Amino acid sequence: LKLGLELEYDDRKALALGLCGLMHDIGMLSIPEEVLTERRFNPEQLALLQRHPEESQRMVQSFGKAFRWIGKVVVQTHERQDGSGYPRGLKGEEIHEFARIIGLVDTYEAMAHPRADREAQVVYNALKEILDLRNSLFDPTLIEALIYIVSIFPVGSLVKLNDGEIGRVAGTSRLHPTRPTVDILLDPGGRKLSDLRQMNLGDKPMLYIVDPAIEEGVLEQASTS
């Protein structure tokens with residue numbers, strides 16, 4: 001919905017996009033639980049997983065004629081710009097715009113959250129990987145809109161400043177996307193601060209972020225100052 005609004009969708013179109021987003025993976029209900037929890041898929045399991053968009057379409061369209069248009073979208077959400085997606089290998093404009101949006105957001109969410117076969121990526125790294133794919137898998141216009149929404153340094157992410165302090169991003173600025181507001185949590189020696197200190201990097205020209213991908217475990221390992 002946020003991405004649709006960023007693209008200047010009106011309320012009716014945004015609601016339609018949201019409905020498709022809610023239903024896009026309903027076909028996963030047809031996949032056995034033991035397959036979903038596998039850390040590595042064999043060819044038969046992978047083929048089964050790649051049929052779930054067609055299951056999503058079948059389920060949604062079984063709700064009645066009013067839902068057929070949603071079925072035509074959800075079956076395409078795993079198609080990709082370069083034709084490498086599934087189940088039909090559609091390319092570019094052959095893919096419904098809603099499906100392209102949902103596919104991008106679904107990929108970002110999958111990277112930023114843990115799965116059975118891997119840990120979650122730091123949000124900055126997930127965005128960077130998506131950017132690296134912008135000329136092949138996803139529409140560059142949609143990626144640009146996603147970055148506006150999520151921000152280069154997403155709220156809640158841990159970052160390291162050039163003075164060695166580590167903090168959590170508390171606010172972002174569309175005018176100055178590289179200068180967020182940061183709650184400082186650790187001093188340069190890696191010790192936890194007893195009092196929260198908030199810093200707006202927009203007001204601190206000599207300070208800047210040098211590492212945007214600090215793992216949460218750093219806080220658990222830190223000592224108390």
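How many helices and strands are there in the protein? There are 10 helices and 6 strands.

## Model and overall layout

This is a predicted model, with local features needing pLDDT of at least 70 and side-chain atom pairs counted only at pLDDT 80 or more, while totals for chains, interfaces and linings use all residues. Residues are numbered from 1 along each chain as its sequence is written, and side-chain values use heavy atoms, without hydrogens or water.

Helices (H or I, at least four residues) and strands (E, at least two) are DSSP runs, numbered from the N terminus. Along the principal axes, the C-alpha atoms fill a box of roughly 60 × 40 × 30 Å. The protein has 225 residues, and 39% of them are buried. Buried means under 20% relative accessible area, exposed means over 50%, and partly exposed lies in between (1.4 Å probe, protein chains only). Take the contacts (heavy atoms within 4.5 Å) with a separation of 6 or more: residues 24 or more positions apart account for 51% of them.

## Nonpolar cores

In soluble globular proteins, nonpolar side chains tend to be buried together. A nonpolar core here is a set of buried Ala, Val, Leu, Ile, Met, Phe, Trp, Tyr and Cys residues joined through side-chain atoms within 4.5 Å. The largest one holds 29 residues. Phe-98, Leu-104, Tyr-108, Ile-130 and Leu-146 touch the most other members. Two or more residues each come from helices H2 (11-23), H6 (68-74), H7 (97-112), H8 (123-132) and H9 (140-150). H7 gives the most, with 7 residues.

Ile-130 is in contact with Leu-104, Tyr-108, Met-111, Ile-143 and Leu-146, leaving aside neighbours within four places in sequence. A second, separate core has 10 residues, among them Val-169, Met-199, Leu-201 and Leu-207.

## Salt bridges

Side chains of opposite charge can pair when their charged atoms come close. The criterion for a salt bridge is a side-chain nitrogen of Lys or Arg within 4 Å of a carboxyl oxygen of Asp or Glu. The whole structure has 6. Glu-93, Arg-100 and Asp-139 are linked in a network of such bridges. Arg-100 meets Glu-93 at 3.6 Å, N to O. Arg-100 is buried at 14% relative accessibility, whereas Glu-93 is exposed at 67%. Arg-100 also meets Asp-139, at 3.2 Å, N to O. Arg-100 lies in helix H7 and Asp-139 in the loop between H8 and H9, so this pair ties together parts that are 39 residues apart in sequence. Both Arg-100 and Asp-139 are buried.

Glu-165 and Arg-197 form another salt bridge, at 2.2 Å, N to O. Glu-165 sits in the loop between strand S1 (158-161) and strand S2 (166-171), and Arg-197 in strand S4 (residues 191-200), so the pair ties together parts that are 32 residues apart in sequence. Glu-165 is buried, at 8% relative accessible area. Arg-197 is partly exposed, at 34%.

## Second largest pocket

The search runs on a 1 Å grid over the protein atoms alone; a pocket is an open set of points where a 1.4 Å probe fits, with protein on both sides within 12 Å along at least five of seven lines, and lining residues have an atom within 4 Å of a point. The second largest pocket holds about 360 Å³ of space, a volume being the space filled by probe spheres set on the points, which are joined across faces, edges and corners.

The lining has 17 residues, and the closest to the pocket centre are Leu-1, Lys-2, Leu-3, Val-105 and Glu-109. Helix H1 (2-6), H2, H7 and H9 each give two or more residues to the lining. H7 gives the most, with 6. The lining divides into 11 nonpolar, 3 polar and 3 charged residues. Here Ala, Val, Leu, Ile, Met, Phe, Trp, Tyr, Cys and Pro count as nonpolar, Asp, Glu, Lys and Arg as charged, and the others, Gly among them, as polar.
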